[in-house]
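Subject: Model for you to look at

Hello,

Here is the structure I said I would pass on. My notes follow below it.

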Amino acid sequence: MRYILYRTLLLIATILMAFTLTFLMLKALPVDIVKNMVARSMAVTGAALGDPEAVQRMYDMYYELFGLKGSLLEQYLGFLRRFLTLDFGISILARPTTVREIISYRLPWTTTLLAFSIVIAWILGNIMGAIASLFEGSKMSKTLQAIAVTLYPIPYYVFAIVLTYLFAYIIPLFSLAPVRIPENIFSLEFLSAIFQAMTLPALSIIIPGALGWWFLSSRALALNILSEDYYYYGEIQGLPKRLLLRKYMLKNIMMPQITALSLNLGGIFGGALLTEMLFNYPGLGQLLYQAVNAGDYPLVLGIVSLSIIGVAVAAYILDLIYPLMDPRVRYG
Amino acid sequence: MIERSKILLEVKDLVKKFRYGLFGFEFKALDKVNLKLGEEPSICTLAGESGSGKSTLAKVILRVYKPEEGIVLYRGKNIYELKKSEVKWFRKEVQAIFQDPFASFNPMRKIYSYFQETAKSLADIKEEAEINKVVDDVLAEVGLRISDIKEKYPHELSGGELQRVAIARALLTKPRLMIADEPVSMLDASFRVSVLNIFKQVKEEYNISFLYITHDLATSYYISDYIAILYRGTILERGPIDEVLKRPLHPYTKMLLESLPTLDLRKREYYMHPIRLSQIEEKEFLATGCKFVSRCPYAEEKCKLQAPPDKIVNNSIVRCWLYHK
Amino acid sequence: MSQDAALIINNIFGGYFVKYNGSKYVDAVNDVSLLIRRNEIFGIAGESGCGKSTLLKIIYGYLRPPLIVKQGSVILPLKDEKVSILSLSEEERRRKVWWKVISWIPQNSMNVLNPTMRIKDNFVEIMRAHMNIAKKEAMEMAIDYLHKTGLPKDVINAFPHQLSGGMRQRLVIALALITKPQIILADEPSTALDVVMQRGVLQLLANSQRTLRNTIVMVTHDLAIHAMLCDRVAIMYAGKIVEIATSKELFEDPLHPYTQMLLASLPRLGDKELRQGIRGSPPDLSAPPKGCRFHPRCTYMKEICKSEPPLLVEADKEHFVSCYLYSGV
Amino acid sequence: MTLQKALSKSLRIFGILKRVLKFSKKFRIGFILFLAILALGLASNFSPPYYSYLYYLPTGMQPKFESIDLIFGTTADGRSVFWVLTHAIMNSLIIAFVTAMIACHIGLVFGLIAGMKGGAVDKTVMFITDAFIAIPGLPLTIMLVMILKPIVNLIIIGIIISIISWPWSSRMIRAMALSIKEKDFITSAQLSGMSTLKIIFLEIFPHILGFHLTNIINTMLGAIGAEVGLAFLGLSILEIDTLGTMIYWIQRYGAMLRNMWWWVLPPVMTLIFLFIALYLISAGLQEYLNPRLRGGR
């Protein structure tokens, strides 16, 4: 119970801290930027130029969003309220669509890609690392290790450039043009389109993840387990090898790796955003790129704060699962 | 007042709490511990199995862990309320050696640097030549020479030698009280007795009292004058060693003595007599009554509810309801 | 004589190749021969690093680098055949020998249980691996067995960390006994326990030996435990056996100077007489002394002790010793 | 006297370096690789003054070995890929160094305070650290850079990346300090009359130093990656050449579409080699410092 309480407090603190930091940073933003944004927004739509009331409304909206209205406390509370209700106003790029609408259209793409590739990378990497530890010193293990050492330090997005170059230009199996998604989501075309869009970004998360990061950490954990007394006891009991791998090795690797996943979620997420952008994948990453380049502050703010909440909550859930898996921390 | 000044160390109703596990509940590692050591140099054993709180008590007396309740008086002074100048005095007077000689020296430092440090900051000897001479003296006391250790790192000596070095370093400040936490339990049998003999010898020559912490009653009998039996953070029985080990009062002390394996083959038959074992050791710390209640053959309802107070019987002090009738 | 032999160990030489600053060989077990009988508790005593645990590993045939056996054999006389443990492959040992004929209680046994496995799974898996029975049946047998040995049966659903050290240690012993093996190797089965729990654990072992009439090889540094439990005891020093005798002979009339000095150095309850330790320290086994390995510490040392290692000879009936004081050169 | 002392100290560092080089193959390979890349970066000091001008050279030229300017060909905006690369390496290394110095030392201080003080101080520091770890780094830095855009420079980029890097160091240092604090030799030091400050510097710090060094290397690695990530989004200092901005311009000009491999390969390969080099250095150091792997000296 104490643990759940601590973790929940931490979640709240994390989100509050992130938003407070954002707020403080926005305070440093020169007022001119808002003026600029309103002007540009007008130019994009060409509307309401002559309507001073509409202009004022827009000013009000941005002032409130960036916390520039009222006393400092009012500013802060208003800012928090908007953020926690995920209300980020209207996008400048796609006026008059609200930021929330744009994001909600892109979000499923990102979550699907991330969930799919993180889970696959995690499972594959852990199993391979454990098996490699059993054949420590063999040729196969050495080759895998050499590959892992090469892949491990390279960020996903740098690896993604290599993949882009390889697959899109040298072996043109996949197109890098934005994918056109058919209307009918139950058709074969839909599936193939998804496959087209997802394969490369997923690979660029799975390959370095599975073969690099998770492989190396799982192998290191497995080597430690090999020198544990309980593993040695399993061996002298003459238990079947498969059982040793499953119940003595993998099960004990899993626990610390869940924590590692929860700690690294933020990093993986950031990498994935950039990868999406590189591959023209219709997720949040690409959107973020467009928003940054167009100076669409409301949209950037929306994406950024949503991802902070998303990652923090996902890590929170993982941390709550952990005690359920590990009998040693199950108290009370 | 006169009475008090004759007491070297007095521990009164000491309570030290710890948390069990990372997020777990609190338990009392020490629960109302009382102990007295007279001015006269003596060796007092603190006997208890692993987890009885004996090392915790050592660290409390050494001013490492601050207790939650109770006081520790050293020569009448509360050691947790010392003035700056008195802290140095306390460090000089009270020294310690630990169980694992390899863990008690930093592997990255030369052994001799510990002697230099101690000599300069506690014994107030500044000149290199003089330090050399004093160090040579204390090393001779434990059967070593300065050339044996001068340029050496801890891992270059054997466990037995290193433990003797630790004693020599502690002697440098001419302490009055030495706390020895399981000093021989990690040493091989063939070295043990020589380290114990050093204790006997410096007790006489340097007028040092020892608090000897151990789980081994045989070695404790060999060197001690007094003994206190610790169980789950409480002292169940204390008194002169011959009294306690020859005429044990507390059921736990009796059980310990009966279960001790000996080299005497005539005891074999008796050793195989069936005994009752505890099944829930960890929970005993949390017991509100007598901590021994779940294993005690004489346990009554009263023992579960309330912890018995100390009672003087013959020359010992025992904490058991059996002696309150 | 070999009729009642449970285990015959012939001239074992074994040790470790340690790779550090080039490679060096640590001579952990040197020319050890033993005959261990059926229906006895045989003790092996010695100080840390004397090779007693290594000897157990070799007897069991659990050979992992850097441990190697240079020479020697371990013969296991079964009903219809004589199995030479060291010449089998590990797979064959696993199928034929381990836990079926010989089981092992490893050192540090309170910490050898898999932390993420329930106690019952330990019993079930080991029985399924060696007794060829179904899961349900195994479960019933395990519960029945725990009941017989006086352990509470609800521990079966617990994880190791929920149990006390003494309970875990007793469970590891129960695991070693569940398949009713002919031989049990016990490596310090009761260290790190308080004396009361230690007594309980040793009683569990001794009682099972009485009912099963099998063999226990008991390794511990604590001579008092040997005195309380063993029928015969071997004393090891620096990789060699220096003395073998019945407990009575060994504790009442020790012959080897090492045994004598060791026994004399042990403080006893009720006796404050000044005792002496043995001077010097055990040799570095990567460069053991020539001749008798105890000679640098021995007070009876003769010229010959420095050059020629003494042989293990029968100085008295059933009392073997390896010392020139008794072989008379 | 002090000069002599300083000299002998620095000589000792060379001695250690020599021993690590001899001990670990990983370190050896990584170190040589890093030196090669560093040499390339240092070559930026010899760049001709016109290196920063656009369209000074013919655009999109394949590598020609006739002059050093053209050795890696030219970019789509008429600059020498070679000279741009040398400056990019140097600037990326500066960012990495600034980040490592700031983040690792903040982490060191916080970790030591939390680990040594314990109690409420420890809990507070750890709570803040944990909260920072749970904030995904990239989104936070994006926001920071966007807002600080008008004044951003190499140092500020380093500071921004430090904000997301320090909690990791702090967490690890605290764990180490906690475990060392419990060791008996700390009590021995207290008993020999050492002051708390002396204990921290003489007893605890030497045990942490090794980790601190590898941590600095790892943080550098992370910082280089983070800068590249920011640059992908056009959020680095686009006027200055870094490995990140080089890739940004490659993307911007569609160099890959135009198959200008001589422009794509140098920064990408340099990045990969730099990552591997730094990783090998830290892994080698770790092996050397881990007494269990080294067999107790």
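How do the residues of the lining of the largest cavity divide into nonpolar, polar and charged? They come to 11 nonpolar, 1 polar and 2 charged, where Ala, Val, Leu, Ile, Met, Phe, Trp, Tyr, Cys and Pro count as nonpolar, Asp, Glu, Lys and Arg as charged, and the others, Gly among them, as polar.

Before the rest, the conventions. This is a predicted model, in which local features need pLDDT of at least 70 and side-chain atom pairs count only at pLDDT 80 or more, while totals for chains, interfaces and linings use all residues. Residues are numbered from 1 along each chain as its sequence is written, chains are lettered from A and ligands numbered from 1 in the order in which they are written, and side-chain values use heavy atoms, with hydrogens and water left out.

Cavities
A cavity is a set of points, on a 1 Å grid over the protein atoms alone, where a 1.4 Å probe fits but cannot get out; lining residues have an atom within 4 Å of a point. Points are joined across faces, edges and corners, and a volume is the space filled by probe spheres set on them. There are 8 cavities of 30 Å³ or more.
- The largest has a volume of about 120 Å³. Of its 14 lining residues, C296(B), Y298(B), C303(B), C320(B) and W321(B) lie nearest its centre.

Chain A
Mean pLDDT (the predictor's confidence in each residue, from 0 to 100) is 82 for chain A, and 87% of its residues reach 70 or more. Helices here are DSSP runs of H or I of at least four residues, and strands runs of E of at least two, numbered from the N terminus. Where pLDDT is low, the predicted coordinates should not be read in detail.

Chain C
A cis peptide bond, with omega about 10 degrees, joins P65(C) and P66(C). P66(C) lies in the loop between α1 (52–60) and β4 (67–77) of chain C. N132(C), in the loop between α3 (119–131) and α4 (135–148) of chain C, has a positive phi near 60 degrees. Most residues other than glycine have a negative phi, and most peptide bonds are trans.

Regards

Terms used:
1 Å grid on protein atoms, 1.4 Å probe; cavity = no way out; pocket = protein on both sides within 12 Å on 5 of 7 lines; lining within 4 Å.
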